[in-house]
Amino acid sequence: MDVLFNTINVQDLLSSTESPSSPLSAPDLRLLISRLDAHSLRIKSTVQSYLLSHHAEFAALFSQFSQCSDVVSRSEHLSDDVVALLNLISDQPIEADVGRIVREVVEKRREAREKREILEFLEVLLELDRKLGVVRDDMKSGRVVEAAEGLRELKEALGVKGNGDAEASVEGEPEVYGILKKQWTDRFEEIQELLLRFMENAVQFDQGGNALHIKYQMTMNGIDGLELHTILKAMDVAGILDYGLAKIADMLTKYVLTPVVSRSAAPFIEDIIQDLGHVPEAVLKMVPSVDPEGNKVDGEVMYSNILQVIEFINKYLCFHNGSWMCCFGRLTWSRMSDMIISNFLSKVVPDDASKLVEFQEIRKLTIDFETALKELMFISPSDTKDEKLSKFADNVEVHFASRKKVQILSKARNMLLQSNFSLPQDSIVKDSGVNKERLAEDISNHVVLLFSSEKCVVSEAAKQLMELVHQTLKDVCLSPPKVGLEFYYTARNALVLYEAVIPVKLQRQLDSINQAAVLIHNDCLYLSQEILGLAFEYRPYFPSSVKELAVFIDLAPRFQLMAEEVLQRQIQLVLHNLKQAIDGANGFQNTHQIKQFESAKFSIDQVAFIIEKVHIIWEPLLLPSVYEKSMTMILEAVFSRIAKEILLLDDMAAEETLQLQRLIHLLFEHLSSLLEPLLAVDQRGKPQEAQNGMDGFILSIRKLRKLAELLDMPLKLITAAWESGELADCNLTSSEVEDFIRAIFTDSPLRKECLFRIENSNIR
């Protein structure tokens, strides 16, 4: 087949070798035609032979072409049919009829289904209504158990929640359901009221005969011979057993258990079922107790009597039914256990730690009592919350400690509230020295501070409070860990009571200058130092668990701070009174006038009176170091203020200077008995702060005394005294001396010279 696909080159068919662009001659053309014919024959021959050799393949190919032609023909016919059908549909719209028919079929089927559902619903309603009627008939005929069971089934069918209170149809629910629920609620209330009336008639307490009666058959509302067991079973089925037994539990608690627990009566059971008027019943009589006094033997009797009552209820009321008994116990146990604790167990808690061992017998009786109640199913065998009595007995140490805590704190509080923060007037002396030592012997509340050699007077309340704290901490050393820890906190709280009670009780005394404020200051110092010693005295002997927690040092700074606050408050009150007294002198101006002099003299007398009063109150009561420090602070303020007032005068007449000098001498005369002991105190060994305070106090005295001398001293001597340093040693400054000279002496060459010498001296 290559001959078919090879390219024919005309130049090859020519014999001449001329250029291809040269024109052909006639011979060349004939030669070319001859050769082309020969070449054509050769191609035809080749094609023929190829077709013959591949005849089978070409036959199959032509057969497939024939089939394709048939398919195309049929598709053309189908297309024509579709076109005809479309033309037919467009001319006659049959799809509308088909759709309408389909919709009618669907609607008919839906209506049929709804009618079927309505019929089924009506059947359910009729069945529910029939059952409600059966329940009503059962109640009328006395078949209360069957009625209760029917109500229980209807409750589930109607979807009633709870006991049907205010039940109505919910959204999306047929209204008839609400009507049925209302009927169910009415039937439920009817059976509940019926059963409760039977229970009230069956269980009654005769107060006149002091006996509990339980009848076993009742006739009411046309129902004859309805048994108590049947009533209880119906209440259990209806879910109202708690409600039905609640009133009986209240009655039993009030008329039976309360007298038994208080040991005012004992139960007596008539085991024989009596036949009184053809009505069988059981009777529990309450017999008055011969000896209502309570002791540990009566505890055993009380538990035994209570068990008799519970066994009577289990046998004759609950018919040995565990679930009924458990229900009755839930309604009764809480109040009964509280009564036993308050009327018996709490009263037999020991008052002394040494008697705790004796309480173990009561504990054993209590545990046995609860075990017996568990066996009777009166309390739950598995719920530890019902073990209230045994838990109380197990925690007797804590209860003992709690009782002691209340007693100790109550005693401490009463002690503080009834305390008298005053001393007999004949115990207060004005002199120091021997008289003060005698006072220490006469006053019983004179104490020596633990970390100081000084003595002070404290209130009776503080002394008794500390004795109570010491006794409590001694009990900590001898008590079990739980009790000891409670006692430790009690001791701390007793101390804190002083901080809480006394400042409020004596608020008025703290706002004035009196003995009570000084005693409170001393109490706080005394308590703070005693508190610091408690850890050293008792902590080594505490139980190990208490030893790890016991801390007292945090309380000491609080009382130390309180003492300082009280003292500073008193000092400020004194300074305020002294300031008002000095203000009455009107700056000591114009004392050469009689009226002004009398006013200034009255102020000096007031100052001396106030200081003397403070001395009388403070000196016998305060610690010597505290008294000296406080008094020197007050005197320094007085002397400095008077000296400052006089030095501020800008003009003084000769007579005026003499009157001022007289006033200063009068002040020192009034305070001589007070100043001599203070100035004679040996300052060696004093704290630096005390020494600084005394130095300032002495300088203020020297300054005022020197000022009195300067008031009648010649100008030259004043100048010489300054140049010698004598005035500077008395705490006078150059400006004060210069102003003083200008106020006393008139302007002159001598005054100018003296002022120049003072101004240019090296002394400042």
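Let's start with a cluster. Lys 579, Asp 583, Arg 641 and Glu 645 are linked in a network of salt bridges. Keep in mind that this is a predicted model. How many salt bridges does a search of the whole structure find? The count is 23.

Lys 601 and Asp 605 form a salt bridge through their side chains, at 3.4 Å from N to O. Both belong to helix α22, residues 594–618. They are 4 residues apart, which means about one helical turn lies between them. Now, buried or exposed? Lys 601 is partly exposed, at 25% relative accessibility. Asp 605 is partly exposed too, with a relative accessible area of 24%.

Pair two joins two helices. The closest N and O atoms of Lys 703 and Glu 736 are 3.3 Å apart, and the two form a salt bridge. Lys 703 lies in helix α26, residues 688–710, and Glu 736 lies in helix α29, residues 734–744, so this pair ties together parts that are 33 residues apart in sequence. Lys 703 is buried, because its relative accessible area is 14% and the cut-off for buried is under 20%. Glu 736, at 22%, is partly exposed.

Lys 706 and Glu 726 meet in a salt bridge, side chain to side chain, at 2.3 Å from N to O. Lys 706 is in helix α26, and Glu 726 is in helix α28, residues 726–729. They are 20 residues apart, so the pair links distant parts of the chain. Lys 706 is buried, at 8% relative accessibility. Glu 726 is partly exposed, at 35%.

Technical notes: Residues numbered from 1 in each chain as written. Predicted model: local features only at pLDDT ≥ 70, side-chain atom pairs only at ≥ 80, totals over all residues. Heavy atoms only, no water. Salt bridge = Lys/Arg side-chain N within 4 Å of Asp/Glu carboxyl O. Buried < 20%, exposed > 50% of the residue type's maximum accessible area, 1.4 Å probe, protein only.
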